[in-house]
Amino acid sequence: MGHFHTLDDADVKGKRALIRVDLNVPMADGKVTDDTRIRAAEPTISDITKRGGRAILLAHFGRPKDGPEEKYSLKQVVPAVAAVLGRPVAFAEDCIGPKAEAAVAAMKDGDVLILENTRFHKGEEKNDKALVDALAKLGDLYVNDAFSAAHRAHASTEGLARRLPAFAGRSMQAELEALDAALGNPKRPVVAIVGGAKVSSKIDLLENLVAQVDALVIGGGMANTFLAAQGVKVGKSLADPDLAETALRILVAAKKSGCAIVLPEDAVVAKEFKAGAASRIVSLDAVAADDMILDVGPKSIAAVNAWIDKAATLVWNGPLGAFEIAPFDKATVAAAQHAAERTKAGRLLSVAGGGDTVAALNHAQVAGDFSFVSTAGGAFLEWMEGKPLPGVDALIH
Ligand code: AMP
């Protein structure tokens with residue numbers, strides 16, 4: 001990865017810092033129900049305000065279609081941000097124009113202001129130059145602390161970074177450093193675990209990983225597609241028979257680049273996917289026509305853990321089984337706990353992320369024991385796919 005400036009390089013005293021944060025928090029009855037993202041932005045905001053900078057927060061909220069809509073107003077998150085920061089937070093009813101300009105002009109050093117949802121302007125998602133110019137008028141420098149929005153080339157993520165002196169915020173910096181240590185410049189061997197429901201959503205990811213890692217563990221529903229492509233009868237399991245050729249192509253690519261592929265050796269099956277359904281551990285040649293494979297079996301868990309023991313670096317996306325319902329959470333929990341132990345022992349750098357992965361690690365009660373868990377979802381997946389992230393590229397020089 002190229003070089004990016006951090007807040008350590010920024011002179012913020014008396015300056016207006018436009019800070020792109022992730023305030024896309026879940027709400028119920030007008031209240032924020034999970035302030036994780038706000039807490040993630042706190043170190044950057046506090047760093048700037050403590051040094052006498054003026055923190056002007058830019059963010060999107062939801063997916064407004066056609067201009068301003070009450071239910072997508074960032075006004076609703078102001079109390080939660082003020083609570084996390086422990087100080088009053090001002091709000092401007094627009095992110096550009098007279099209202100925003102007046103609110104910014106009223107700020108003193110160390111103040112915090114939230115500007116209204118950037119997506120209330122069509123130019124945001126189009127990375128429109130006029131919107132970038134109008135936003136740039138409000139600040140002396142730009143800080144991006146929203147890795148989760150970095151896969152999008154929007155005015156507030158990419159345009160502004162190219163328009164003003166640009167810096168990575170503390171969360172962005174931590175994320176970029178962790179990702180670089182995991183795939184950019186990793187200590188080998190690197191092992192990837194990819195699970196989850198379907199191959200169809202993760203073809204690019206698998207193709208990129210086989211070219212980069214030393215071993216790829218394939219679990220979850222997507223393993224069924226690989227097993228079926230190799231002639232295993234998977235009964236009623238979730239599988240993409242149309243993707244058999246793609247699966248075989250990925251196996252050939254892995255062989256060529258010297259990436260070991262670790263597929264399940266046994267399975268936990270049930271006739272239905274529901275709590276309390278009777279389940280059996282079977283070898284791969286014993287899956288009945290009306291069985292569903294819902295988790296990998298004990299031999300597979302042992303093989304995955306042996307690979308975790310060999311690894312210096314682990315990258316993980318997607319559960320090994322249908323972890324939401326016991327006992328199909330067993331492999332995911334066992335492997336997650338093993339990776340957490342190795343990490344705590346200083347033997348493994350472990351990076352995980354993407355949608356359900358965070359929920360799975362929380363379920364295994366080990367999210368805090370991994371080296372880094374990304375909550376970024378789409379941006380994390382695109383990074384695992386090896387795709388450029390415009391919001392990150394714009395910070396790098
Ligand atoms: P993803 O969002 O692609 O990471 O998929 C996560 C989902 O995959 C979870 O909801 C799991 O329940 C599901 N999943 C994992 N393994 C299986 C399986 N063997 N059969 C059906 N669903 C599975």
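A word on the model before we start: it is predicted, so to speak of local features we need pLDDT of at least 70, side-chain atom pairs count only at pLDDT 80 or more, and totals for chains, interfaces and linings use all residues. Residues are numbered from 1 along each chain as its sequence is written, and side-chain values use heavy atoms, leaving out hydrogens and water.

Let's begin with the peptide bonds. Most peptide bonds are trans, and most residues other than glycine have a negative phi. Going from Arg188 to Pro189, though, the bond is cis, with omega near 0°. Pro189 sits in the loop between α7 (170–184) and β9 (190–194); helices here are DSSP runs of H or I with at least four residues, strands are runs of E with at least two, and both are numbered from the N terminus. Another cis bond joins Ala326 to Pro327, with omega near 5°. You'll find Pro327 in the loop between β15 (313–317) and α12 (330–344).

Now for phi. Asp29 has a positive phi, near 50°, and belongs to the loop between β2 (27–28) and β3 (31–32). Is Asp29 buried or exposed? Its relative accessibility is 81%, so Asp29 counts as exposed (over 50% relative accessible area; buried is under 20%, partly exposed in between, with a 1.4 Å probe and protein chains only). Gln365 also has a positive phi, near 60°, in the loop between α13 (356–363) and β17 (372–374). At 69%, Gln365 is exposed.

Last stop: Lys129, in helix α5 (residues 129–136). Lys129 is exposed at 61%, and its C-alpha lies 7.6 Å from that of Ala155, 26 residues apart along the chain.
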